[in-house]
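Please look over the sequence and the model shown here before reading the notes that accompany them.

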Amino acid sequence: MPIPAPVLLDCFAAVAPGLEVLALAEARALGLDARAEEGGLAWSGDIRSVLRANVGLRIASRVLVRLDAFDAKSFAELERHARRIPWNRIVRAGDAVRFRVTCKKSRLYHSDAVAQRLADAIMRAVPGVRAEGSSVGEDEPVDHEQSALFVVRLVRDRCTVSADASGELLHRRGYRQATAKAPLRETLAAALLIASEWDGVAPLLDPLCGSGTIPIEGALLARRIPPGARRTFAAERWPGVSATVGAAVRSELAEGELGSAPGPIVASDRDAGAIEAARANAERAGVGSDVELAIHSVSALTIPAGPTGWIVTNPPYGVRVGDSDRVRDLWAQFGRVLREKAPGWRVAILSPDPALERQLQLPLRVVGSTSNGGIPIRIVVGRVAGGARTVGAVERDAE
């Protein structure tokens with residue numbers, strides 16, 4: 001039968017490893033009774049909670065609904081359990097279906113063969129479904145408007161079958177069509193802002209803004225605009241899910257929205273093309289009037305008026321943008337400018353290397369670690385001291 005609203009679902013929001021604690025805090029602020037697990041958040045909730053997570057979570061990358069979990073040491077076992085999965089809760093006749101299968105340390109190690117058995121089971125259960133019998137790779141595109149996606153994990157012979165409730169990954173808010181070099185994912189930008197403990201009111205400054213992801217996410221956060229407010233999700237197309245449910249959730253989450261950002265949000269970059277992209281992205285996000293953009297180098301940095309504020313940024317790493325010597329010099333220059341122009345300001349930075357952090361000569365501490373584009377990175381925060389040179393020791397928070 002289709003999923004009625006009161007049915008409790010086994011839900012999971014996937015999160016980049018290392019960001020689970022940050023994501024848990026925002027999930028609970030949304031009213032989700034979630035718990036942190038490796039790689040994400042889990043909770044039991046109805047379809048409204050699934051849509052609430054999709055619309056409101058800033059850090060999560062995908063929301064899944066777990067349909068079944070079972071041991072499968074042979075294809076016979078897999079086929080027997082697959083026949084019992086309530087596929088008709090997710091798809092109807094005429095739908096296209098894809099599978100993304102990963103197999104680790106299991107007797108069933110061929111992802112395409114697993115996908116084929118599941119495709120056979122779903123086509124028997126829901127006549128008229130068109131199912132692909134091969135596994136879709138993580139980076140292989142899926143037409144989410146036309147296909148339902150099932151995510152299947154086989155780990156040590158334990159098989160978990162989940163329905164993708166998001167469709168496009170959640171970092172694809174819909175506003176970023178123009179990008180600069182080495183673009184930062186929206187979900188990671190949001191995580192950096194939340195980790196910085198920016199209050200949404202004090203001035204926010206990104207002097208290396210690229211295509212504007214950090215200031216745009218900052219404006220959305222400050223104005224309390226849900227990140228998924230302007231897009232639809234796979235769960236809204238499931239059988240039995242009324243169109244009014246998604247509309248009601250969006251309306252509820254929009255109740256606290258502000259008409260403008262309470263404080264200044266300023267971003268700059270020396271690349272005119274990046275600023276042009278940032279301006280276009282901000283307009284698409286509906287926050288063009290909230291973000292002040294300028295073209296200039298770090299050395300020409302202008303600090304907004306006020307006793308203090310936050311500098312939140314993602315400097316070049318030297319892996320994909322420029323060579324290592326130039327990047328090291330940029331970090332050293334950036335630290336010098338901050339010490340001269342922004343004493344007392346708070347800082348939050350994504351860093352790939354403690355050696356680069358030392359170039360800043362700022363007292364920093366590590367509050368999290370994850371990866372960006374496959375590069376291991378740390379989230380470091382601190383406060384700029386005034387006057388004389390400050391030793392750039394970086395210490396991890398005591399647990």
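This is a predicted model: local features need pLDDT of at least 70, side-chain atom pairs count only at pLDDT 80 or more; totals for chains, interfaces and linings use all residues.

Residues are numbered from 1 along each chain as its sequence is written, and side-chain values use heavy atoms, with hydrogens and water left out.

**Overall build**
- The protein has ten helices and 16 strands, where helices (H or I, at least four residues) and strands (E, at least two) are DSSP runs numbered from the N terminus.
- The radius of gyration, taken over C-alpha atoms, is 23 Å, close to the 21 Å given for 399 residues by the globule rule, so the protein is as compact as a globular protein of that length; the rule is 2.2 Å times the number of residues to the power 0.38.
- Of the 399 residues, 52% are buried, meaning under 20% relative accessible area with a 1.4 Å probe and protein chains only.

**Helix H3**
- In helix H3 (residues 75–82) the buried residues are Leu78, His81 and Ala82, and, seen down the helix axis, they fall within an arc of 100°, so they line one face of H3; the arc is that of the directions from the helix axis to the C-beta atoms.
- These buried residues of H3 pack against strand E4 (62–71), helix H4 (111–125) and strand E8 (158–164).

**Strand E13**
- Strand E13 (residues 346–351) has five of its six residues buried, so it is largely enclosed by the rest of the structure.
- E13 runs parallel to strand E12 (residues 310–313), to which four bridges join it, and threonine 313 has isoleucine 349 of E13 as its bridge partner; two strands pair if DSSP finds at least two bridges between them.
- With strand E15 (residues 375–383), E13 pairs in the antiparallel sense over six bridges, and alanine 348 has valine 381 of E15 as its bridge partner.

**Two loop residues**
- Aspartate 290, in the loop between helix H8 (272–285) and strand E11 (291–295), is buried, with a relative accessible area of 9%, and its side chain reaches the backbone nitrogen of alanine 261 at 2.8 Å.
- Leaving aside residues up to four places away in sequence, aspartate 290 touches Ala219, Arg223, Ser260, Ala261 and Ile265, contact meaning heavy atoms within 4.5 Å.
- Serine 61, in the loop between helix H2 (47–56) and E4, touches Ala14, Val15, Leu169 and Leu170, not counting residues up to four places away in sequence.

Technical notes
Buried means under 20% relative accessible area, exposed over 50%, partly exposed in between (1.4 Å probe, protein chains only). A polar contact is a pair of N or O atoms within 3.5 Å; within protein, one must be able to donate a hydrogen and the other to accept it, and residues adjacent in sequence count only if both atoms are side-chain atoms.
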